[in-house]
Amino acid sequence: MRLGKITQAAWNRSVRKPLKKKQCTVGKMAWEQKCAELEQQIQRTEQSQKTEQDQKTEQDQKTEQDQKTEQDQKTEQDQKTEQDQKTEQDQKIETGRMTVWSTESAGGKNANVGAYAVIKAAGELASQKVMAEGVSIHAILPEQMQEEDVKHLTDTVGELCKKMNLEICQIQVETSSFVTQMVVTATAVGEKKSTAIREQEMTVAGEELLLCGYAGLEGTLRILDESEEELGTRFVPVFLEKAKLLREKLVLPDQILSVKEQVSDIRQIGSGGILAALWELGEELQTGFDIDFSKIALKQETVEICEFYQLNPYLMTSAGSFLLVTGQSEEVIACLAEQGVSAVRLGCMKDQNARVIKNGEETRYLDRPAADELARWWKEHA
């Protein structure tokens, strides 16, 4: 492919046409415009609420006109305003809505990386208890890639976004001599309540820590995408086909957000794997924990592929899997099961500095995050 942005004709053939066939929602605008549309929608909603409130106030004043004097009304309003101001200072109050976004990247030679970038970006918003509504995608390809790779990228992203009910605001594709493999950046955008808050420390000591999904699964799937031929020298085709089906086990935002009201904290397991995610969770919440290492869920395909390449699955990126902190573990596990998602108890959060990992009779303390194993694999197999 030529250097720079792909031609309009190629874009129409390999981007717009495949998305249209999949009946995906896609616009000409960039994600910044999507944000602007969300802001306009928020403003219209707030204006409508304000109008309704004004009408109600006017009706109330008319009803009370024969009962109260203008001075009485003014005094009452002043008292109400003073009370509201005091309430705002003492507790969380809703002040409107705000637009939020998350940007994540994924790289590789297989065009499936586009889907992983989208999962990571939308998953990061889910970690903030926000549902992604739109996504913008920017793909940079090395010169040797062909238009067929662009079509594959579009197909996989389109299929995933349709499944997630996620609007594709924009897809930009260009070729560059600065990259040796495809690099896809996804920016997911959503909205959440904007609040005025007096800072409060979240109490999590005594709550349980759950793993939702499987450790190392994203990394396993990406290795399989890149090295299926080499893996075929060790594993039978049936094993590899079964491993590919594990993409259905990646947890999507709507599934994890089904329990957002019952959890104190959500963390997507990204670079560095579940051990890095545990460390980051403890640092953020300024607390410790006791967990049972044997409870960490792994798929057998992950174990065997990691053994083949001598990789540690507990240190491998796993977007599409989450850590949850909750005081309602039974309800959360049951709710996730209804969504078709597996969740297991790892242990409890503790009011202590120590981050204890038990494995049978062995007890050790969590180390600082190490380098991601997928990144190491890429370095050795580039």
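Strand E8 (residues 288–292) and strand E10 (residues 343–350) pair in the antiparallel sense over 4 bridges, where two strands pair if DSSP finds at least two bridges between them, and Ile291 stands opposite Gly347 in E10. This is a predicted model, in which local features need pLDDT of at least 70 and side-chain atom pairs count only at pLDDT 80 or more, while totals for chains, interfaces and linings use all residues. Residues are numbered from 1 along each chain as its sequence is written, and side-chain values use heavy atoms, with hydrogens and water left out. Helices (H or I, at least four residues) and strands (E, at least two) are DSSP runs, numbered from the N terminus.

**Sheet and covering helix**
- An open sheet of 7 strands with mixed pairing has the order E7-E9-E6-E10-E8-E11-E12, and its edge strands, E7 (263–269) and E12 (362–365), each pair on one side only.
- The twist from one strand to the next averages 25°, with axes fitted as lines to C-alpha atoms (for helices over the stretch in contact) and angles running from 0 to 180 degrees between N-to-C directions.
- Helix H9 (residues 273–285) lies across strands including E6 (208–212), E9 (318–326) and E11 (355–359), and runs at about 140° to E7.

**Arg267**
- Arg267, found in strand E7, is buried with a relative accessible area of 15% (buried means under 20%, exposed over 50%, partly exposed in between, with a 1.4 Å probe and protein chains only).
- Residues up to four places away in sequence aside, Arg267 touches several residues, among them Ser127, Ala277, Leu281 and Phe322, contact meaning heavy atoms within 4.5 Å.

**Helix H11**
- In H11 (residues 329–338), the residues Ser329, Val332, Cys335 and Leu336 are buried; seen down the axis, the buried residues of H11 fall within an arc of 135°, so they line one face of the helix, the arc being that of the directions from the helix axis to the C-beta atoms.
- The exposed residues Glu330 and Glu338 sit on the face of H11 turned away from its buried side, whereas the cover over the buried residues includes E6, helix H8 (253–256), E7, E9 and E10.

**Nonpolar cores**
- Of the 69 residues in the largest nonpolar core, Val118, Ile274, Leu275, Leu278 and Leu323 touch the most other members; such a core is a set of buried Ala, Val, Leu, Ile, Met, Phe, Trp, Tyr and Cys residues joined through side-chain atoms within 4.5 Å.
- Helix H4 (residues 113–127) gives the largest share of this core, 9 residues, and a second, separate core of 16 residues includes Leu210, Ile256, Val263 and Phe322.
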